Amino acid sequence: MRNTCLCKIVLLLAVVVGFSSATRADDLEYRMEVGGMLGVSSYYGDANYSGLFNNMNIMGSVAGRYNFNPRMALKANLAIGKISGNTADGDNRFPGGDIEFSRSIYDLSVQFECNFFAYGYGAAYKGTRRLTPYICGGLGATFAPEPYESVFAVNIPLGVGVKYKFAPRWNAGCELTYHFTFSDNLDVVSEQQPMLSDPYGIKSSGMKNKDSFSFFSVFITYDIFPKYRKCNN
């Protein structure tokens, strides 16, 4: 009889501890997120001035986000995609006829994010919300390997997005970023197409007449490294 009572007490304590542990886990804030993004990429330059999402191609990336607080975060993103364009899609006509190109790009960027609302899964007394729009901006580096010549370009990514915490440690959302590069050679992929870097004989300078590209993607991330808060009681 005594052993039966002892077993019941141990079982009850295990249930209570397990429940309280689960509650604390749901209530924790986490330092980082890791996950992936999947979407489309588009190019803007001398071979495409006519549309925001012309000549879309598939892109994907891995991403990590460090959360300073519920409103601010720093995200690192390594993306692989493809860009393409055709001068026949626009109204401009170039010497030598229409030109078409396509090439792969690799982009590594670091972006600072600012949430419109305090973001989190916690109870209402924390003032956090599970859904928030955000803006982001930072610095990136783009590498486009041959076929003609490899191109390395620094870029400035600017974007907007929305994120939703659908579970205590899971996040989902979508994001649109526009990458302004400091190169005018992303659309040059053969010896017969160097004119796309200077089609009218007007040298580009600064950000003028440079190539750009955009990523529109959906993402999912998982929270890691909980922030353990000290108890002051």
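This is a predicted model: local features need pLDDT of at least 70, side-chain atom pairs count only at pLDDT 80 or more; totals for chains, interfaces and linings use all residues.
Local features need pLDDT of at least 70 and side-chain atom pairs count only at pLDDT 80 or more, while totals for chains, interfaces and linings use all residues. Residues are numbered from 1 along each chain as its sequence is written, and side-chain values use heavy atoms, with hydrogens and water left out.

Contact here means heavy atoms within 4.5 Å; of the contacts between residues at least 6 apart in sequence, 68% join residues at least 24 apart.

The chain exposes about 13,000 Å², of which carbon and sulfur atoms supply 65%; the areas come from the Shrake-Rupley method with a 1.4 Å probe, and for residues only the protein chains shown count as cover. Of the 233 residues, 39% are buried (under 20% relative accessible area; exposed is over 50%, partly exposed in between; 1.4 Å probe, protein chains only).

Asn171 lies in strand E7, residues 170–181. Asn171 counts as buried because its relative accessibility is 1%. Beyond neighbours within four places in sequence, the contacts of Asn171 include Glu33, Tyr119, Phe166 and Asp223. The side chains of Asn171 and Asp223 also make a polar contact at 2.8 Å (a pair of N or O atoms within 3.5 Å; within protein, one must be able to donate a hydrogen and the other to accept it, and residues adjacent in sequence count only if both atoms are side-chain atoms).

Cys136 is buried at 6% relative accessible area, and Cys174 is partly exposed at 27%. With a disulfide defined as a pair of cysteine sulfur atoms within 2.5 Å, the count is zero.

Terms used: Helices (H or I, at least four residues) and strands (E, at least two) are DSSP runs, numbered from the N terminus.
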